[in-house]
Amino acid sequence: MIQVRELSKFYGKKAVVEKVNVNIHRGKITSFIGPNGAGKSTLLSMVSRLIDADTGEVLVDNDHVQKMKSNEFSKRVSILKQSNFMNVRLTIRELVSFGRFPYSRGKLNAEDIRIIEQAMDYMGLMEMQNDYMDELSGGQRQRAFIAMTIAQDTDYVLLDEPLNNLDMKHSVQIMKILRRLVDELGKTVVIVLHDINFASVYSDRIVALKNGRVVRDGPTEEIINSDALKEIYDMDIPIKKMNNCNICVYFNS
Amino acid sequence: MRDSTKMIILSALAVVFCSLYLFHDLNGSFDYALPRRAIKVLAMVLTGVAIAYSTVIFQTITHNRILTPSIMGLDSLYLLLQTVVIFFLGSSHITIVNRHVNFILSVSTMIVFALILYRLLFKRGGQPIYFLLLVGIIVGTFFESISTFLQVLIDPNEFLKVQDKMFASFNNVSGELVWWALGIVILTFLVGWKSFNDLDVLSLGRDTAINLGVSYDQVVKLMLVISAVLISVSTALVGPITFFGLIVANLSYQFFKSYKHKILIAGASVMSIIALVGGQWVVERIFTFSTTLSVIINFIGGVYFIYLLLKESRSS
């Protein structure tokens, strides 16, 4: 379990994240939702030590993140940000191999190579493993990065808006893969989502943020109802049940 | 062609140029000319390696392939130091005449300056690298302006001494200093070696590097210190010569198509040895000192970049 305790981040005097308390349960997909500027990405970045928190603490399976060695942490929690700028030209295989860096420090052994190939296979990238990253489509790039985090082999996988700039087909593909990561490999996935329907259909738990505070936190069924959504988004959103999924019809509300 | 083949060819070329420089037209002067030439070759090899190494790591930590460490203003500080000493103490003062004293003074001033700069900037927290570059440019320009101001006021004979310091020259390098510099450069490799793999990850960007367990701030600080030390040593040894780091670093990226810093740094180093030793040989033997090394390197570098531009525009 990841426990977030009284976590705050200030830019100047403005609190972007303020006294947030959240528990992230093992073996589940937890979605962070909320309007723009709610502090979702900042919260995720603090949990994954990409930025320092001003107050509060984060515990991963009862260990303090701030006290953990960076290399140890990277074997337990991985984070994938929304923009992945690269200064070098890499093939898919080379990128995925970087996922083993916390273990191998650059020298791959047979075990590492087996895991790398497994990860590429899992993401359906085997045929194009020698293609260069800058020649791929958005969906393929995203899959390659997710393959890297799979190769990193952490219990917790945090993703910051992985569906950004992806079309419907690729978004569904990515979400299904994340579901499989949880159901088949027993990972814990935390994901920042903008499309509330993806959160509704694929996640086990939802944490809703607004103005840097948690406004709702609970199982998906409890959050996906018109009352809760009104509180989160200030919109009247009707919910329709279709094929066993709760779909929020927000387009004309 | 595989990377190892390319490296062997380049190294062979470097060896050929070094031996050409050492033995061509020697006329059996093994006792007099050879040791002197050997010192010059060693100085060129050292400076070449120092510039290549510092430029590659600097470009990786700044995520920018058109910057060189000279942007931190160390060369300007070196010139300012020399100008100030000559202006106030005169060119016959021990700090100018005695090259050992001058070397120690220059190196320590530049390193202390760099350390103070880093310390101030990293204390602020956040992402200090771009701020560092900005401060470096401003401080560098400031140093240059003061130097120019003093050079205008200075006695014309003394100005000639200052001018000597303004251009890199391999023609009167002190043998003993080369050994000192060699020690320092080897030391930077020993210290940096373990972090070369971290640098590979750093080129994926800060967030990915931290995600993969690299102690980002620590590696960046270490590399900044290493590049400051290398620049200081090479500048104090032969004068300001960082201009061609840009060329060899980019040549190495182009030629080796690798992300591994061990290969990139080695490649850039061998290329700068070829450029310096080969260039110096051409200057001395073919042009008989009628032109300077920097002219030749800039000319070849310029031609190469135009070639790259043309190639890029054709492929896209």
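I started with chain A, which is divided into domain 1 (1-76 + 155-253) and domain 2 (83-153); the bounds come from an automatic or database domain assignment. This is a predicted model: local features need pLDDT of at least 70, side-chain atom pairs count only at pLDDT 80 or more, and totals for chains, interfaces and linings use all residues. Residues are numbered from 1 along each chain as its sequence is written, while chains are lettered from A and ligands numbered from 1 in the order in which they are written.

**Between the domains.** I looked up the C-alpha centres of domain 1 and domain 2 of chain A, and they lie 25 Å apart. The contact takes eleven residues from domain 1 of chain A and nine residues from domain 2 of chain A. Two residues are in contact if their C-beta atoms, placed from the backbone, lie within 7 Å. Helix H7 (residues 168-185) of chain A gives the most on the domain 1 side, four residues. Helices (H or I, at least four residues) and strands (E, at least two) are DSSP runs, numbered from the N terminus.

**The sheet in chain A.** I found six strands in an open, mixed sheet, in the order S6-S7-S8-S3-S9-S10. Two strands pair if DSSP finds at least two bridges between them. S6 (77-80) and S10 (213-219) of chain A stand at the edges with a single partner strand each, so one side of each has no neighbour in the sheet.

I then checked S9 (residues 205-210) of chain A, which pairs with S10(A) in the antiparallel sense over six bridges. Ala208(A) has Arg216(A) in S10(A) as its bridge partner.

**Between the chains.** I noted 16 residues of chain B in contact with 22 residues of chain A. H10(B) supplies the largest share of the chain B side, four residues.
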